[in-house]
Amino acid sequence: MDSWGAVVGLGLVAAAIGVIAFVRYRGRETAMLRGDVALARELRELAGDDEVRLAAVDEFELAIYQRLFYASVVAPRIRSAAWALLGTALAVTAALAADSGDGVLYDVVTIAAIIVAVVFAIATLTYAVLAIYHTATTPRVSFAESYASS
């Protein structure tokens, strides 16, 4: 019995489940950030003129803004790279499976799967490079200057 097919199939199922779980986790994180933004507004209103409470709200908002940067700029590109990587894996698997057969139809399917795999691989690299670029170049929210003056 050839167990490589079963191992590859289980690996692809595990990869698909992993990508779907990652994307859903990041989606829930974005929803939690929306709730935190609303909470920060309410806390600011409740703090009134109390400087200690306002400082605590400022710290909370700083943490939210740093997470918002990631969730709005970097995370979508990482999610897209994960989807494209899954597409690459599936297309490569289809190309390898079709390559084992003989005939014109198998050759056409193999070539088409290779082309799709190359497109997905380019998309994976593009989204990964964009995520790294935005992580390195987008300015972060920082209150360091205001802390230094006080």
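Predicted model: local features only at pLDDT ≥ 70, side-chain atom pairs only at ≥ 80, totals over all residues.
Leaving aside its neighbours within four places in sequence, which residues is T124 in contact with? The points below work towards that residue, starting from the helices.

1. Helix 1. This helix covers residues 4–47. It has 44 residues. From its first C-alpha to its last it reaches 62 Å, close to the 64 Å expected at 1.5 Å a residue. Just after helix 1 comes G48, which takes a positive phi of about 60°. Helix 2 then runs over residues 51–99.

2. The buried residues of helix 1. These are L12, V19, V23, R26, E29, L33, D36, A40 and A47. Note that R26, E29 and D36 are on that list, and that Arg, Glu and Asp count as charged. What covers the buried residues of helix 1 includes helix 2.

3. Helix 1 against helix 2. The two pack at an angle of about 160°. Their axes are 9 Å apart. An angle over 145 degrees counts as roughly antiparallel, and helix 1 and helix 2 are therefore roughly antiparallel to each other. Their crossing is left-handed. The residues of this contact divide into 27 nonpolar, two polar and nine charged.

4. A residue of helix 2. L62 lies in this helix. Is L62 buried or exposed? L62 counts as buried, because its relative accessibility is 12% and the cut-off for buried is under 20%. L62 and V129 are 67 residues apart along the chain. Their C-alpha atoms are separated by 27 Å.

5. Helix 3. This helix spans residues 104–137, which makes 34 residues. At 1.5 Å a residue, helix 3 should span 50 Å. Its end C-alpha atoms are 49 Å apart, so the two values agree.

6. Helix 2 against helix 3. What angle do helix 2 and helix 3 pack at? The angle is about 160°, with the axes 7 Å apart. Helix 2 and helix 3 are therefore roughly antiparallel to each other. The crossing of helix 2 and helix 3 is left-handed. The residues of their contact divide into 25 nonpolar, seven polar and two charged.

7. The buried residues of helix 3. T110, A113, A117, T124, A131 and H134 are buried. Helix 2 is included in what covers them. As background, an α-helix has 3.6 residues a turn, so residues three or four places apart point the same way.

8. T124, the residue of the opening question. T124 is found in helix 3. T124 is buried because its relative accessible area is 13%, and buried means under 20%. Neighbours within four places in sequence aside, T124 is in contact with A81, A84, L85 and T88. Helix 2 runs over residues 51–99, so these partners carry numbers from that stretch.

9. T126 and R77 are 49 residues apart in sequence. In space they are 9.0 Å apart, C-alpha to C-alpha.

Technical notes:
Residues numbered from 1 in each chain as written. Heavy atoms only, no water. Axes fitted to C-alpha atoms, helices over the stretch in contact; angles between N-to-C directions. Helix = DSSP H or I, 4+ residues; strand = E, 2+ residues; numbered from the N terminus. Parallel < 35°, antiparallel > 145°, perpendicular 65-115°, else oblique. Left-handed = near helix turned anticlockwise from the far one by under 90°. Expected span 1.5 Å × (residues − 1). Buried < 20%, exposed > 50% of the residue type's maximum accessible area, 1.4 Å probe, protein only. Contact = heavy atoms within 4.5 Å.
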